[in-house]
Amino acid sequence: MIFKTLKKAITNPYKTINPTEYIIVGLGNPGQKYENTRHNAGFLTIDHIVNDLHLTNSKLKYQSQIFDATIAGHRVLLVKPQTYMNLSGDAVRKIMDFYKIDIEKLIVIVDDISLFPGKLRIRKKGSSGGHNGIKDIINKTGYDNFPRIKIGVGAKPERWNLADWVTSEFSDADRKQLNTAIENAYGALKLMLDGKTDEAMNKFNS
């Protein structure tokens with residue numbers, strides 16, 4: 001009996017305390033060239049959260065820049081894949097495999113050209129909607145039932161090439177609207193972490 005008690009006391013310190021609950025991935029392209037472009041709305045949202053939480057614990061693992069954080073009482077990983085947009089699934093798959101997180105606990109923040117700048121659309125699951133980053137995540141994980149927060153960046157103007165449009169920088173007016181959307185995305189995220197995705201949709205969906 002004494003042996004069993006001691007064994008329990010010895011092994012307790014090795015139990016995982018407050019394990020990671022959610023993986024939050026902001027999509028974008030790495031490098032200074034793309035920092036303030038429309039395709040990087042996901043990156044910009046992660047940057048905003050990192051600044052708000054005063055995080056300095058960045059690490060490069062699984063082809064990603066990763067921050068450990070606590071949001072609304074939940075332990076999360078904030079992730080910026082460094083694979084370029086079209087290969088986002090490579091990084092996400094590696095992280096999901098290591099942390100053994102259920103696919104429903106993956107939340108992806110992504111730009112959306114079908115929404116006006118500043119508008120949000122939250123979805124619990126769905127197809128890629130033509131977005132190459134989401135498409136690659138679905139292809140590499142084999143699932144599409146992960147929540148996503150879509151941030152409007154404006155529709156492609158006539159005579160613009162799509163790739164040129166999404167890698168173009170925001171106008172001053174659009175950037176102001178984007179900042180509002182990023183704040184709202186952060187608010188929606190807090191609700192989603194508490195299991196209140198329907199409430200987030202009702203409050204923030206355009």
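**Notes on helix packing and the main pocket**

1. Helices α3 and α4 cross at roughly 45 degrees and are therefore oblique to each other (under 35 degrees would be roughly parallel, over 145 roughly antiparallel, 65 to 115 roughly perpendicular, and the rest is oblique). Their axes come within 7 Å (axes are lines fitted to C-alpha atoms, for helices over the stretch in contact, with angles from 0 to 180 degrees between N-to-C directions). α3 covers residues 88–99 and α4 covers 132–141 (DSSP runs numbered from the N terminus: H or I of at least four residues for helices, E of at least two for strands).

2. Before going on: this is a predicted model, where local features need pLDDT of at least 70 and side-chain atom pairs count only at pLDDT 80 or more, while totals for chains, interfaces and linings use all residues. Residues are numbered from 1 along each chain as its sequence is written, and side-chain values use heavy atoms, with hydrogens and water left out.

3. Back to α3 and α4: their crossing is right-handed (near helix turned clockwise from the far one by less than a right angle; anticlockwise is left-handed). From α3, the contact takes S88, G89, D90, V92 and R93; α4 brings G133, D136, I137, K140 and T141 (contact is heavy atoms within 4.5 Å). That gives two nonpolar, four polar and four charged residues (Ala, Val, Leu, Ile, Met, Phe, Trp, Tyr, Cys and Pro are nonpolar, Asp, Glu, Lys and Arg charged, the others, Gly among them, polar).

4. Next, α2 (residues 41–52) against α6 (residues 172–193): the angle is about 65 degrees and the axes lie 10 Å apart, which means α2 is roughly perpendicular to α6. This crossing is right-handed too. A41, L44, T45, H48, I49 and D52 of α2 touch R175, L178, I182, E183, A185, Y186 and L189 of α6. By class, look for eight nonpolar, two polar and three charged residues here.

5. α6 also packs on α7 (residues 197–204), at about 155 degrees with axes 7 Å apart, so the two are roughly antiparallel. N184, G187, A188, L191 and M192 of α6 meet T197, E199, A200, K203 and F204 of α7. Five of the contact residues are nonpolar, three polar and two charged.

6. Finally, the largest pocket, at about 310 Å³ (on a 1 Å grid over the protein atoms alone, an open set of points for a 1.4 Å probe with protein on both sides within 12 Å along at least five of seven lines; lining residues have an atom within 4 Å of a point; points join across faces, edges and corners, and volume is the space filled by probe spheres set on them). Of its 16 lining residues, I113, G129, G130, H131 and N132 lie nearest the centre. β5 (106–112), α4 and α5 (162–166) each give two or more residues.
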